[in-house]
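Here is a short briefing for a reader who is new to this structure. Please look over the sequence and the 3D view before reading on.

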Amino acid sequence: MASVFSDRLIVSIDVGTTKICVLVAQQLDDEHVELIGIGKAYSDGLKKGVVVDIARTVNSIKNALKEAELTSGVTIESAYVGISGGHIKSLNSQGMVAIKGGSVRPLDIANALEAAKATPIPEGHYMLHILPQYFTIDGSERVQDPLGMHGLRLEVQAHIITGAIASAQNLIKCVEMAGVKVQDIILEQLASADAVLSADERELGIGMLDIGGGTSDFALYQNGSIRHTMVLPVAGNHFTNDIAIGLRTTRAEAERIKKEFGCAYAPLIHENSSFLIEMVQGSGKQTVQRLDLVAILQPRATEILSIVFQDIAHRGLMPMMSAGFVLTGGGSLLQGMPELANNILASVRGEHSRNMPVRIGYPKPQVGIIESLDSPIYATGYGLLLQGLKKRRHNIDSFSGPSVKRVLMRMKSWIADFF
Ligand SMILES: Nc1ncnc2c1ncn2[C@@H]1O[C@H](COP(=O)(O)OP(=O)(O)OP(=O)(O)O)[C@@H](O)[C@H]1O
Ligand SMILES: [Mg+2]
């Protein structure tokens with residue numbers, strides 16, 4: 001490893017359903033990284049965000065690592081890894097502790113979060129993240145940062161994210177079999193949100209949906225804290241499958257058509273606009289109307305967006321999204337997604353509500369080979385680097401050392417999630 005970098009090196013591995021992306025960066029200061037290498041490989045060992053074939057996944061990770069090492073010129077030893085999948089669940093919980101020294105210290109916050117852990121979680125699951133939403137001291141006003149405040153009793157409202165132990169173990173095993181130590185596993189939408197949302201947006205209130213190949217990962221922020229998360233096991237690959245079935249063509253041809261001619265919102269398409277497709281049994285080409293393609297894609301896109309928006313509305317969280325809604329991940333590149341999202345949001349919120357801005361989220365690295373990240377498919381990978389940076393600031397390495405130390409590290413990790 002080039003020694004100049006070794007202690008400042010941060011690596012992320014986004015183990016996606018369609019691609020594995022390894023990003024290599026050098027820490028510049030507490031908030032910035034310089035991207036120095038990237039490796040991307042085709043992924044075919046996952047289904048709907050979870051590992052279903054260890055050998056194929058290991059192979060894909062190795063391919064991406066090899067390229068990342070070549071482009072960066074460093075040897076990759078450890079990395080932050082993203083996790084997603086239909087097994088991910090979230091719940092809210094409260095924790096309360098006595099403030100021992102008269103004013104709140106970091107340990108009181110850690111203890112309050114530890115107390116919030118005392119809540120039932122699904123069997124076979126473990127707590128992936130405990131994210132503070134707000135604190136109260138002696139039952140008074142909500143505060144975001146209680147450090148140093150005086151009082152007797154500290155209470156925290158926390159958002160807990162759990163994942164299936166087996167799925168996490170398979171993921172860790174694949175990365176380690178590819179020769180890399182896992183520094184921490186991080187929920188993918190928390191990473192994507194770090195990459196594409198501004199601090200102001202999170203303060204005002206914003207929703208973000210990362211539509212990948214296998215899962216659509218949602219996160220909602222307000223007052224700078226996480227309010228809600230959700231993972232839907234429906235995403236870009238479903239669009240491709242729907243096209244392959246609907247137009248009787250191969251998956252490869254369906255994927256090409258989706259990217260070239262696909263659209264999720266009929267009003268954007270001119271009547272009589274058409275294109276040619278390869279038929280499945282080599283029976284030549286056929287002309288297809290673009291509006292017929294939209295008739296396949298729009299219902300699937302509507303299904304994904306409606307599930308998310310109705311869930312937000314059902315929980316009474318819609319008013320929190322005052323800065324609007326951001327779409328990211330490869331699925332957001334399907335033409336018409338922002339327009340459709342805007343339309344469905346208006347119908348879920350009621351006709352008289354203000355039009356909500358919807359935009360596509362691009363990761364915005366400031367230094368290094370930045371043009372190579374200019375696509376929403378890199379939101380998770382770049383966000384994982386930023387999460388790694390944050391954890392490094394708090395000197396956290398969750399998966400190393402003996403188990404007791406690991407638990408303490410995990411607690412520190414929750415604190416890092418807060419700050
Ligand atoms: N221009 C485009 N138009 C439509 N869809 C696109 C476009 N570009 C990429 N996609 C789709 O985006 C999906 C891949 O997105 P992404 O790379 O974010 O997923 P992933 O990270 O591999 O999967 P996941 O996060 O679900 O595990 C694929 O289904 C792909 O077809
Ligand atoms: Mg992804």
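Helix α2 (residues 106–116) lies across β7, β8 and β10. The helix runs at about 130 degrees to β7. The model is a predicted one.

- Four strands form an open sheet here, in the order β7-β10-β8-β9. Their pairing is antiparallel.
- The edge strands are β7 (89–98) and β9 (142–143), and each of them pairs on one side only.
- Strand β8 (residues 125–137) and strand β10 (residues 153–164) are joined by 11 bridges in the antiparallel sense.
- Within this pair, isoleucine 130 has isoleucine 160 of β10 as its bridge partner.
- Helix α3 (residues 165–177) also packs on the sheet, where it touches β8 and β10. The direction of α3 makes about 70 degrees with that of β10.

**Domains and their contact**

- The protein chain is divided into domain 1 (6–86 + 166–196 + 363–418), domain 2 (89–163) and domain 3 (204–360).
- The C-alpha centres of domain 2 and domain 3 are 36 Å apart.
- Their contact takes 8 residues from domain 2 and 6 residues from domain 3.
- On the domain 2 side that touches domain 3, β8 and β10 each supply at least two residues. The largest share, 4 residues, comes from β8.
- By class, that side of domain 2 has 4 nonpolar, 4 polar and no charged residues.

**The sheet with β17**

- An open sheet of 5 strands has the order β14-β13-β12-β17-β18. Its pairing is mixed.
- β14 (225–232) and β18 stand at the edges with a single partner strand each, so one side of each is left without a neighbour in the sheet.
- From one strand to the next, the twist averages 20 degrees.
- Strand β12 (residues 206–211) runs parallel to β17, and 4 bridges join the two.
- On its other pairing, β12 meets strand β13 (residues 216–222) in the antiparallel sense over 6 bridges.
- Aspartate 210 stands opposite threonine 328 in β17. Aspartate 210 also stands opposite aspartate 217 in β13.
- β17 and strand β18 (residues 358–360) pair in the parallel sense over 3 bridges. Here valine 326 has arginine 359 of β18 as its bridge partner.
- Strand β17 (residues 325–328) is covered on both faces. Phe325 and Leu327 are buried on one side, and Val326 and Thr328 are buried on the other.
- In general, side chains of a regular strand alternate between the two faces of the sheet.
- Helix α8 lies across β12, β13 and β14, running at about 140 degrees to β14.

**Around ligand 1**

- Which residues come nearest to ligand 1? Of the 24 residues around it, they are Gly16, Thr17, Gly212, Gly236 and Gly330.
- By class, the shell around ligand 1 has 4 nonpolar, 16 polar and 4 charged residues.
- Domain 1 and domain 3 each give at least three residues to this shell.
- Helices α6 (236–246) and α7 (251–261) each supply at least two residues of the shell.

**Helix α7**

- The buried residues of α7 are Ala254, Glu255, Ile257, Lys258 and Phe261.
- What covers these buried residues includes α6, β15 (274–278) and α8 (290–314).
- An α-helix has 3.6 residues a turn, so residues three or four places apart point the same way.

Terms used. Residues are numbered from 1 along each chain as its sequence is written. Chains are lettered from A and ligands numbered from 1 in the order in which they are written. This is a predicted model: local features need pLDDT of at least 70, side-chain atom pairs count only at pLDDT 80 or more; totals for chains, interfaces and linings use all residues. Two strands pair if DSSP finds at least two bridges between them. Two residues are in contact if their C-beta atoms, placed from the backbone, lie within 7 Å. Axes are lines fitted to C-alpha atoms, for helices over the stretch in contact, and angles run from 0 to 180 degrees between N-to-C directions. Domain bounds come from an automatic or database domain assignment. Ala, Val, Leu, Ile, Met, Phe, Trp, Tyr, Cys and Pro count as nonpolar, Asp, Glu, Lys and Arg as charged, and the others, Gly among them, as polar. A residue is near a molecule or strand if its C-beta atom, placed from the backbone, lies within 6 Å of it. A residue is buried if 20 or more other C-beta atoms lie within 10 Å of its own, exposed if 12 or fewer, and partly exposed in between; C-beta atoms are placed from the backbone.
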